[in-house]
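Here is a short briefing on one structure.

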Amino acid sequence: MTRLLPLSSLLLLCLPALAQQPDTTRLREVVVLDSVRWVTHSCPIAQTLYTYEKPLSPFVPLQEQLRQVAGVQASPYSGAPGAQVAVRLRGAASLARNAQPLYVVDGVPVYQNMGESALQTTYGVQQAQVYGLNQLLNLPNEDVESVTVLRGAFETAAYGAQGQNGVISITTKLGRLNQTPQVRYSGYGGVQQVRRRYDLLNARQYAEFQNEAARNIGYQEPFSAAEVAALGEGTDWQREVLRVAALQEHHLSVAGGRPATRYYVGADHLRQNGIVENSQLRRYALRANVQQQLTTRLTLDARAGASQTEARLPPEGLALNMLTAAPVFPARLPNGELNDDLQFGFNPLSQALRQTREPRQRQLLARLELRQQIGQHLTASLLGHAEWNHLRRTSLSRIGGSSPTSERRQLEDRQRRQLSYRAALSYGRTLAGRHAFTAHLQAYRQDVQQHDSSQTRTTSGSTQVIENSRSQNEYQLLTASLQAGYTYAGRYALQASLRHDGSSAFGTEERQQWSPGAQLTWHAGKEAFLQDNSIVSQLDIRAGMGRTANTGNFYGQNLFVLVLGGSGGGGVRATPIREVTNQQDAGLRAGLWHDKLLVEASAYQRRTALTTVSLFGRTDDAGTLRARGLELSLTGTWLSGSRWQAGTTLALATQQSRYDGDQQGWGSNNVQLTVDGDPLANFRGLRYLGPDATGQARYAGSTPASPEGTYENLGSGLPARLLGFTQHLRYQRLSLQLQADGAFGHQVYNLNNRYLDDPGGFYDNGSHRLLSRWTPANPNTDVPAAGAGVRAGSSYFLQSGNHVRLSSLLVSYELWKQAARSLSVWVGGQNLLVLTNYRGFDPGMSSAGADANQAGLDAGAYPTARTVLVGVRGEF
């Protein structure tokens, strides 16, 4: 059964003790309630570790399911098939432009170029130019056994120079010992359509508005009275470009075991058509895992997964062009051919059909580990791991007017190889029944090679220009770490770790990083005064600290974009930055009424020291990033009878961030700027006050001498509060699984509405908001007169990002069950409902990627889909 685990104890210390101390370790106490299961582990390091266990949704991307964990925000870059997802644990820990958590699969860091994108070169709001597809497509949900979110001070310190942004640890499936081979099939099919459409002007409304705007500024009206009278609804470009799209996924696996063998083999195929014309995704994946007890003391563990993912996607600016295209022009000519002779701009349908980006991503993960038990208390292990990632991307775009002879064809080839080696010793022993000791010593090496090449063919008429480029980079990380723990009488536990990283990411003086960590835990529930308590069944109280850094992250995470000259001006340049984070946290875990209610609460504060590094090795203090927050998780089993079973999880978090320093400002667009004392992703601009007596835009601080007004902070794009809610309900053969989540206390800048809501925009179509524009007969409105422009960086274009989302709903019925064999059918949906006042495709997008200082931007992203599915599962 797949698990999503919000843990707060260090598993690397706990697991060796479980393996080596059968005399002092109770391995399992399981109460099974079908899809809701409580698992209790005990070990000398973490005396009692409670885990809420449930299946992952088969159709929701894994990263978006992490929102069920308190303090986790997961924001897709767009709604496109295979889109990357920005995951933030406990808010923003970094100013880097691609601050992703560390992904660990079967114990090895992988996917370290997750979300990598081209460097931003222009100063404005824009989408992240991502190179490839989401690398977690390499792992179908059905192949995943468990997902562990590590965000605490002590937990992340164990990952040192790679753990600054938290860790997502994924374990793939294995069969059980002495298990009869079990064949499992899981498949579904369904349809997708855009969740929300923009309300836009029709052809007649558009022409009337353009004429009024022209009159107001003294221009000639573009449409005659007869032309306006002849216009009706015109072209609905959203209907032309968007479609209802089908998708399906099929997964077949075999799992089993013998007295000394466990194995798992799985194959998966995903076929998804996008809701934008001519877009699609195809994924093929294979996985094979085996664990063999070679002798009574020697174990071999081999795991491998391979995949090929290919997509066809529209150009990044298509959604914006679709919405702003004038509705007075037809998409096709009377003969059915595409109309590429629009007077104002491009034909969005032609762009979707003729201009594409086609990435093909091939990935391979393979690991081999040997574990040798030495005596009763010591275990040695050797591990080798290889990761290969080959991305080949072709793209076609128009570069001048609508002529089909003016185009650019680009071919990019990116090959990345990572080899990892690890040697470890683990020790665990209990003396006199009271003193439990554990230790884990590890040496780790990671070698990365990357080869990039590209070819661009630019054609204009009969002239063709060919440009070629090629580059090669190599990186290395050397790590040594020691982790130790002591527990007295099962009640008082001390854990400590020290890790040293040597990284080639920076110059000689900045390569070395020491990362200490420590945690004290009091298992108060085992004290005599709480024994046999009818209310409190368990109580753990902990406090920890840890240090992490970014020097072990090689791909984009060491780069940030610095804006000089303040909001509304300055240039953009990418500069290496070294970040060292110190975090402290404290919390408790309580089980009430025989663990029918589990309460987990945490408080944390984090301080990140920033140092910029010049090309010549000079380092400069760049200030400090501070963060703090509270997290609360409530997990209850409120029905556990023979017919009814039910469980609920509620996850709440509040978080704040602030920059302290004397930099002129951090940011990389013309609407956000963070200076001393500001929160990250701070929107800085003019506060819009409505139209004046003549219909012109009016701003706070405006005076006759300075009519523009004064710049001020307008809010942050990072949510201040997060909500996660999970419900599981079962009645006999019928079951329900629901995930809802929300984000509150932040602003979103919508680039689409920057043009659609601006009454000063000529030729572009507009939203229904313009229908309430200022006129002499309608002076009581918040929309200026037609032709009166609004500053791009004003609050006029900001909206509240508050929302609650029904992320997934699955209703299943078990048709047949006999022993380990079963057959069930289900219906489900994703993004079925979003409660929000946001006037865009989706308030949860992160168009600028994983750059926390550009959070809250919706830069014309591919629309989000609502999905309805029907599926079947069988085990035989």
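The count comes to 17 cavities of 30 Å³ or more. A cavity is a set of points on a 1 Å grid over the protein atoms alone, where a 1.4 Å probe fits but cannot get out. Its volume is the space filled by probe spheres set on the points, with points joined across faces, edges and corners. This is a predicted model: local features need pLDDT of at least 70, side-chain atom pairs count only at pLDDT 80 or more, and totals for chains, interfaces and linings use all residues. Residues are numbered from 1 along each chain as its sequence is written, and side-chain values use heavy atoms, leaving out hydrogens and water.

**Cavities**
- The largest cavity has a volume of about 710 Å³.
- Its lining has 42 residues, and F59, P61, E64, Q272 and Q830 lie nearest the centre; lining residues have an atom within 4 Å of a point.
- By class, this lining of the largest cavity has 23 nonpolar, 13 polar and six charged residues. Nonpolar covers Ala, Val, Leu, Ile, Met, Phe, Trp, Tyr, Cys and Pro; charged covers Asp, Glu, Lys and Arg; the others, Gly among them, are polar.
- The second largest cavity has a volume of about 360 Å³.
- It is lined by 32 residues, with S78, A80, Q127, L313 and R357 closest to its centre.
- α7 gives the most to the lining of the second largest cavity, with three residues. Helices (H or I, at least four residues) and strands (E, at least two) are DSSP runs, numbered from the N terminus.

**A three-stranded sheet**
- Three strands make an open sheet with mixed pairing, in the order β38-β35-β41. Two strands pair if DSSP finds at least two bridges between them.
- β38 (798-800) and β41 (857-858) are the edge strands, each pairing on one side only.
- β35 and β38 run antiparallel, joined by three bridges.
- V748 has Q799 in β38 as its bridge partner.

**Salt bridges**
- There are 41 salt bridges, each a side-chain nitrogen of Lys or Arg within 4 Å of a carboxyl oxygen of Asp or Glu.
- D585 and R542 form one, with the closest N and O atoms 3.9 Å apart. D585 lies in β25 and R542 in β23, so the pair ties together parts 43 residues apart in sequence.
- Both D585 and R542 are buried (under 20% relative accessible area; exposed is over 50%, partly exposed in between; 1.4 Å probe, protein chains only).
- R791 and E708 also meet in a salt bridge, at 2.2 Å from N to O.
- R791 counts as partly exposed because its relative accessibility is 36%.

Methods
1 Å grid on protein atoms, 1.4 Å probe; cavity = no way out; pocket = protein on both sides within 12 Å on 5 of 7 lines; lining within 4 Å.
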